[in-house]
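Hello,

Please find the structure below. My notes on it follow.

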Amino acid sequence: MKNSVYIAAPFFNPEQLKLVQDIELQLRMDDIEFFSPRLDGTLSEMSGEKKEQAIPAIFKANIDNIREHNIMIAVLDDYDPGTIFEVGYFTCLKHGDHPASNYQKHFDKILLTLSNHNYGVNVMLRQAVNAHMLNIMDIRVAIGMILQGNYHHLPMVFAENLSPTESTT
C-alpha cells in the first residue's frame with residue numbers, strides 16, 4: 001500500500017487553521033499524498049439548507065478517506081469532537097474492532113498525534129498511537145521513518161518532557 005495521510009484536526013479559528021496549513025505544507029514539501037477535510041469544503045461556509053444537504057456527503061467522504069489512508073496525523077489541541085471521532089474510528093480499523101475492518105487488524109495503519117500546546121497523551125491514546133509529536137517539525141522525522149519502513153521504531157513521544165497537563169486517565 002502506498003503511504004498516504006489523513007489529517008484529523010480542527011480548523012475553526014486562525015491558530016488551528018495555520019497549524020493545519022503548516023501540516024499540509026510539510027506533507028506537500030515531502031511529496032506525500034494526503035487528504036485534509038478542510039480542503040473539501042467546510043460547513044461554516046454554507047447556508048442552513050445547503051449545510052443540511054451536505055452533511056451526509058461530507059461524513060461519507062471523511063469515513064471513506066479514513067479507511068483509504070494508512071496514516072493519520074491527528075491534532076489533539078482544543079479537544080475537537082470531530083477529531084476525537086476520527087481518531088476513534090481509525091483506531092477501530094487499526095485494531096480490527098469494527099465491522100468495516102472485517103475484524104482483521106490493519107497493521108499498515110499508523111496513528112500519529114500532534115500537540116502544538118505541549119499536551120501529552122492519556123492512557124487510552126497511549127495504547128492507540130504509534131507516536132506523539134510536540135512540534136510540527138517532528139512530522140517530517142516521523143514520516144521519514146515510516147517511508148523507510150521503520151515505523152515500529154517510532155518513539156512514543158518525540159520530545160523528552162511531557163507537559164504537566166498529561167492525563168493519566
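Angles under 35 degrees count as roughly parallel, over 145 as roughly antiparallel, 65 to 115 as roughly perpendicular, and the rest as oblique. This is a predicted model, in which local features need pLDDT of at least 70 and side-chain atom pairs count only at pLDDT 80 or more, while totals for chains, interfaces and linings use all residues. Residues are numbered from 1 along each chain as its sequence is written, and side-chain values use heavy atoms, with hydrogens and water left out.

Helices are DSSP runs (H or I, at least four residues), numbered from the N terminus. Axes are lines fitted to C-alpha atoms, for helices over the stretch in contact, and angles run from 0 to 180 degrees between N-to-C directions.

Helix H2 (residues 48–68) packs against H3 at about 40°, and their axes are 10 Å apart. H2 and H3 are therefore oblique to each other. Contact means heavy atoms within 4.5 Å. On the H2 side the residues are Phe59, Asn62, Ile63, Ile66 and Arg67, and they meet Phe85, Glu86, Tyr89, Phe90 and Leu93 in H3. By class, this contact of H2 with H3 has seven nonpolar, one polar and two charged residues (Ala, Val, Leu, Ile, Met, Phe, Trp, Tyr, Cys and Pro count as nonpolar, Asp, Glu, Lys and Arg as charged, and the others, Gly among them, as polar).

Some of these residues also belong to an aromatic group. Rings of Phe, Tyr and Trp (its six-membered ring) pair if their centres lie within 6.5 Å; planes under 30 degrees apart count as stacked, over 60 as edge-to-face and the rest as tilted. The count is five aromatic pairs. In one of them, the ring centres of Phe85 and Tyr89 are 6.1 Å apart and the planes are at 20°, so the pair is stacked. Phe85 and Tyr89 are four residues apart in helix H3 (residues 81–95), which means about one helical turn separates them. Phe59, Phe85 and Tyr89 form one aromatic cluster.

Buried means under 20% relative accessible area, exposed over 50%, and partly exposed in between (1.4 Å probe, protein chains only). Phe85 is partly exposed at 42%, whereas Tyr89 is buried at 9%. Threonine 83, also found in helix H3, is buried at 2%. Leaving aside neighbours within four places in sequence, threonine 83 is in contact with Ala8, Ala9, Pro10, Ala74 and Val75.

Regards

Conventions: Helix = DSSP H or I, 4+ residues; strand = E, 2+ residues; numbered from the N terminus.
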